[in-house]
Amino acid sequence: MTSDVWLPLPADEIDGLPSPLESGLHYRFWDGGPDFPADPADCVFYTVPYLKATEIVVRPLPAMTSLRVVQTLSAGTDHVQQALGTLHSGVRLCNAKGVHEASTAELTLALILASLRGIPGFVHGQRAEEWRSGFYSALADKSVLIVGYGSIGAAIEERLVPFEVARVVRVARSARTTARGEVHPLTDMPSLLPDADIVILSTPLTERTRGLAGAEFLAGMKDGALLVNVARGPVVDTGALLAEVETGRITAALDVTDPEPLPSGHPLWHAPGVLISPHVGGSTSAFAPRAQRLLARQITRFAAGRPLDNVVLTTE
């Protein structure tokens, strides 16, 4: 039996991979196509193809009887966790922490600034040759609440600070203290929402966070507040969000939606005060070099029998 490593990009494009001769690893290229590159039973390290449908990327898992590592190239792992029940015990699931922080934080700031400064309206005005001057909101002096203060949430705060926001309030699953200050637990949300001008969702999708921004959450936001979702679509209750934005009480900027992709004719497309980007938080020129460095580091650690980075869970 061989020890195969499945990669969604050619091995010769990744600097620093262990030598097949020295490591005993054989690199197989598979980006989600209909044909597998080799027998899945020989795969010991599976890198999940990026931006492919869940049903595609989980297809080889039941046959991967020798598997020891599943490595995603996304920050979230919810799209593969549902299929891990088919695997034997001891398989480590790792995410792509360190790959998407910069790009997702950049888009978060872009969505905030575009929403506050009325950029979508300017685009429409340019097309119509209309000079739409007016008075718009600034990011300066705003109170910002980040819900989901992991590595992406921290990267967002780093980019918010130079814009002279009044304060950044941090929320995560449990309370802790960081170099930037206090992180509140999710249970503090009801008391924090009413003071936030901007609420950013950057939390993983879990059973606890599914539907987190529902009717009660949204009703707790202050009048005129902006909701920004760069997490996962189901973190927000779409029906409850539509009910709020249609009154004009709050606005929203969404990089992710539920359902996704958002189908033609869905009311979110034309809901007042809603700006939508098509889940492109991590899809930038920064992705490839960071993903390649992550894979080289992880596979080198794996070949040497060293602990892996970014282990989310181990199957039982």
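Glu 164 lies in the loop between α6 (151–160) and β7 (167–172); here helices (H or I, at least four residues) and strands (E, at least two) are DSSP runs, numbered from the N terminus. At 57% relative accessibility, Glu 164 counts as exposed. The scale is as follows: buried means under 20% relative accessible area, exposed over 50%, and partly exposed in between, with a 1.4 Å probe and protein chains only. Glu 164 is not a glycine, yet its phi is positive, at about 60°.

Let me state the basis of these values. This is a predicted model, in which local features need pLDDT of at least 70 and side-chain atom pairs count only at pLDDT 80 or more, while totals for chains, interfaces and linings use all residues. Residues are numbered from 1 along each chain as its sequence is written, and side-chain values use heavy atoms, with hydrogens and water left out.

I continue with the backbone. Most residues other than glycine have a negative phi, and most peptide bonds are trans. Asn 310, in the loop between α10 and β14, has a positive phi near 65°.

I turn to salt bridges. The whole structure contains eleven of them, a salt bridge being a side-chain nitrogen of Lys or Arg within 4 Å of a carboxyl oxygen of Asp or Glu. In one of them, Arg 28 pairs with Asp 4, and the closest N and O atoms are 3.2 Å apart. Arg 28 belongs to strand β2 (residues 25–29) and Asp 4 to strand β1 (residues 3–7), so this pair ties together parts that are 24 residues apart in sequence. Asp 4 is buried, at 0% relative accessible area, whereas Arg 28 is partly exposed, at 28%.

A salt bridge also links Arg 297 and Asp 309, with 2.9 Å between the closest N and O atoms. Because Arg 297 lies in helix α10 (residues 287–304) and Asp 309 in the loop between α10 and β14 (311–314), the pair ties together parts twelve residues apart in sequence. Both partners are partly exposed, Arg 297 at 34% and Asp 309 at 22%. Asp 223, Glu 244 and Arg 249 form a network of salt bridges.

Next, the helices α4 and α5. Their axes come within 5 Å and cross at roughly 65°; axes are lines fitted to C-alpha atoms, for helices over the stretch in contact, and angles run from 0 to 180 degrees between N-to-C directions. Leu 113, Ala 114 and Arg 117 of α4 meet Ile 119, Pro 120 and Phe 122 of α5, where contact means heavy atoms within 4.5 Å.

Finally, which elements give two or more residues to the lining of the second largest pocket? That pocket holds about 510 Å³ of space. A pocket is an open set of points on a 1 Å grid over the protein atoms alone, where a 1.4 Å probe fits, with protein on both sides within 12 Å along at least five of seven lines; lining residues have an atom within 4 Å of a point. Among its 25 lining residues, Ser 115, Pro 120, Gly 273, Val 274 and Leu 275 are the closest to the centre. The elements in question are α4 (101–117), α5 (119–128), β12 (251–254) and β13 (274–276).

How values were computed:
Points joined across faces, edges and corners; volume = space filled by probe spheres on them.
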